[in-house]
Amino acid sequence: MDWGMRNRLARMFRPPSGNSVMLAVDHGYFMGPTRRLEDVGATIRPLLPHADALALTRGVLRSSVPPEATTPIVLRVSGGATVLQEDLSNEAITTAIADASRLNVSAIALSVFVGAPHEHQSLVNLAKLVDDGESSGIPVLAITAVGKELEKRDARYLALACRVSAEIGAHVVKTYYCDDFARVVEGCPVPLVVAGGPKLDSERAALELAHGAIAEGARGIDMGRNIWQSERPVAMLKALRAIVHEKATVREAVTVLEEEGADARGPAHAASAA
Ligand code: 5RP
């Protein structure tokens, strides 16, 4: 692996653990203005100092992130379907590698839809993106999307999707936590990070998810809704950091969450928090 590629990965996978806490705010690319991401800039402002990387699209990067920001960017470069369609797998690469380079990103990300109608297309998209990423020294993060079929989140399916993504050349794979997650890790030769999925019933449940994933071999999280749809997103992010970087137990992470106290959600969010 060339120095540029290694350097970009090292920006995202940070000491003291070598793991990564990625903050995902790319949901609008197919869901529109998701609750609490209506004003992405306002949502991420207090969170940015606590994230090892920020995952989003070029439109939101250019419009809502100050260029002075030092947080590494994971740029989503796939899209082309919205929640109005039954089949979400009909995606193409929507951002040229030249634009990703211009934006000085640390990684490029796309969804792969194993087992979906456009499986072939999404895997060929991944192969093309890996070729582009290798030419430019930009790592590729493959997202094993499950679309609307959340029941696909089991070890047999995810192990297949992750392994196929790694075989095609993804440098990092994002997937979901599941029972027997160690089996998914074991079959994937590149680092895995886990998404949170839809908001869980409690913050503790999200902390348990992250703790289970790290304990079973994930190298980080790439989480969205369970952070910024929380009533105390900064405290939640700090609690997750304790798990990912400091091997905190769930109990210790809950203590971090409580000690951080009432979160200063800005006035921009007063209406949606009410
Ligand atoms: C959207 C994504 C999200 O980045 C990913 O699902 C992580 O966010 P969340 O924790 O809210 O699921 O890939 O397509």
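**A walk from the backbone to the ligand**

Let's start with Lys247, which is partly exposed: 14 other C-beta atoms sit within 10 Å. That count falls between the limits, because a residue is called buried at 20 or more such neighbours and exposed at 12 or fewer. Keep in mind as you look around that this is a predicted model. You'll find Lys247 in the loop between helix 11 (233-246) and helix 12 (250-259). Its backbone has something to show you, too: Lys247 isn't a glycine, yet its phi is positive, at about 55 degrees.

What makes that worth a look? Most residues other than glycine have a negative phi, and most peptide bonds are trans.

Now hop over to Arg36, in the loop between helix 2 (28-31) and helix 3 (40-44). Arg36 isn't a glycine either, and its phi is positive at about 80 degrees. Is Arg36 buried or exposed? Arg36 has 23 other C-beta atoms within 10 Å, so it counts as buried.

Next comes a peptide bond. The one running from Pro15 to Pro16 is cis, with omega near 10 degrees. To spot Pro16, look in the loop that links helix 1 (3-12) and strand 1 (20-24).

Finally, turn to the ligand. How many residues surround it? There are 13, and the closest are Ala24, Ala195, Gly196, Gly224 and Arg225. Sorted by class, this shell has five nonpolar, five polar and three charged residues. Two elements to trace here are strand 10 (220-223) and helix 10 (225-228), each of which supplies at least two residues of the shell.

Technical notes
Residues numbered from 1 in each chain as written. Predicted model: local features only at pLDDT ≥ 70, side-chain atom pairs only at ≥ 80, totals over all residues. Near = placed C-beta within 6 Å. Helix = DSSP H or I, 4+ residues; strand = E, 2+ residues; numbered from the N terminus. Nonpolar A, V, L, I, M, F, W, Y, C, P; charged D, E, K, R; others polar.
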